[in-house]
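The report below goes from the protein chain as a whole to a single position within it. Please keep the sequence and the structure in view while reading.

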Amino acid sequence: MKRLIPDVFRNPAIRVSMIAIFTFGFAGATTSPYQSVVGIRELGLSNALYSALIFAAATVNVIVSILLGNLADRLGEYRTMMLVAAVFGIIGYGAIFVFPTQEIFVLSALLLLPVYGSLNSLLFANVRAATGKMERSEVATVNSGVRAMISLSWVLVPGLTGILLSGSPTMLPAYLFACISCLVCLGLIGLFLPRQSGTDRAATHHLSYLAALGQVISPKIFGRVVAIALISSTLHVNGAILPLVVTGAAHGTVADVGILVGIVAFLEVVFIIVWSRMLRVISQLKALAAGAVIYAVYLLLLAVAYEPWHVYALTLISGIGAAALISIPITYLQDLIAERPGLGSALISVNIFLSAGLSALLFAAGTAVTTYSGTALVGALSGLIGTGWLLYLDGNRRSL
């Protein structure tokens with residue numbers, strides 16, 4: 001514990017980054033659950049246009065994350081790019097609240113907010129730079145603590161936002177809350193984040209944007225990113241089918257869904273800390289494989305749940321597995337391009353994009369041939385395939 005406290009709470013760069021990423025998570029947690037309600041029901045976007053918008057925005061976010069990460073590496077510091085990203089968030093969320101039209105919503109969701117979304121990987125890049133001289137197990141511990149702050153925001157914020165807006169005829173004030181959160185984040189970074197004199201010379205060698213993209217999609221790196229994405233896709237598959245299984249095969253209610261999500265989010269925070277301790281005695285690869293298998297077991301059991309209490313009983317298994325899958329891949333992905341913290345951290349956004357896309361395919365394929373419960377089996381299979389592939393790719397490498 002003495003080794004954890006100085007790294008996380010006494011290092012100013014890490015401490016400020018943790019609070020900033022909580023505010024980043026706050027903005028997403030207060031708007032994401034209601035984004036489709038605002039876009040489709042309140043502003044009148046069609047289902048097809050909204051779906052295309054979300055996909056295009058995710059694509060823009062990946063490209064921007066790679067480009068800004070590479071630019072930050074070239075500058076040798078991440079503070080400037082983080083300030084730019086935070087400003088885009090203020091403008092994007094604020095514009096939707098002040099000018100709630102279809103055109104502004106599309107412009108913000110497609111261009112402004114994806115740039116703000118790159119702040120996630122930039123914050124992790126900044127933390128990575130701050131932990132550059134630490135041992136790998138300590139880096140994983142710090143990353144786990146930072147990632148736990150996002151989960152913490154999802155424990156607290158969605159329910160609070162729902163309560164505050166329960167009597168409101170519109171969910172647009174959620175975007176005002178997000179705008180304020182971005183302002184706080186900007187202030188934290190601008191006023192309290194220590195200025196950097198530059199990163200390691202190895203990390204600041206110029207790399208063109210095309211070369212940066214080429215490094216990301218090189219077989220050595222991209223193969224492992226895809227394997228991680230297959231594992232991470234199980235989280236997205238669960239997000240899609242859990243409400244459907246709970247209110248269908250398990251004969252639960254919508255209220256059960258909200259309670260279950262809150263319970264699992266809380267357990268994630270707890271077990272992220274547990275996994276970070278375990279990483280001191282086992283390798284990242286073994287821990288990630290164990291977490292993936294645990295989550296696959298959860299999905300297999302979810303497939304046979306037929307009473308609400310069955311799903312509640314599975315929250316412990318779900319929380320343990322999910323905690324591993326949302327925290328451990330961060331350090332693994334950063335290690336793939338360890339000499340460039342910005343570009344390596346941009347792989348986090350690439351993983352989010354790929355895993356979301358794979359989960360959409362898995363959901364479509366699963367529901368086309370079986371039930372929602374059967375689709376849980378498809379998700380479990382995806383996670384196991386990704387785990388096997390990752391173990392194969394890293395079989396001849398020294399354990400991480």
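Helices here are DSSP runs of H or I with at least four residues, strands are runs of E with at least two, and both are numbered from the N terminus. In this predicted model, the protein chain holds 18 helices and zero strands.

The overall dimensions can be set against a simple expectation. A compact globule with 400 residues would have a radius of gyration near 21 Å, and the protein chain, with 20 Å, agrees with this. Other values for the protein chain are collected in the table.

| Property of the protein chain | Value |
|---|---|
| Box filled by the C-alpha atoms, along the principal axes | roughly 60 × 55 × 40 Å |
| Share of the 400 residues that count as buried | 53% |
| Accessible surface | about 17,000 Å² |
| Distance between the mean positions of the 21 positive and 14 negative charges | 10 Å |

Carbon and sulfur atoms contribute 71% of the accessible surface. Among the contacts in the protein chain with a separation of 6 or more, 83% are made by residues 24 or more positions apart.

One position illustrates such detail at the residue level. Ala-303 lies in the loop between α14 (284–302) and α15 (308–313). Is Ala-303 buried or exposed? Ala-303 has a relative accessible area of 14% and is therefore buried, since the cut-off for that class is under 20%. When residues up to four places away in sequence are left aside, Ala-303 touches Ser-373, Ala-376 and Leu-377. Ala-380, although 77 residues from Ala-303 in sequence, is 9.7 Å from Ala-303 in space, C-alpha to C-alpha.

Note on methods: Residues numbered from 1 in each chain as written. Predicted model: local features only at pLDDT ≥ 70, side-chain atom pairs only at ≥ 80, totals over all residues. Heavy atoms only, no water. Rg over C-alpha atoms; globule rule 2.2 N^0.38 Å. Buried < 20%, exposed > 50% of the residue type's maximum accessible area, 1.4 Å probe, protein only. Contact = heavy atoms within 4.5 Å. Areas by Shrake-Rupley, 256 points an atom, 1.4 Å probe, with all protein chains shown as cover. Lys, Arg positive; Asp, Glu negative; His and termini not counted. Charge placed at Lys NZ, Arg CZ, Asp CG, Glu CD.
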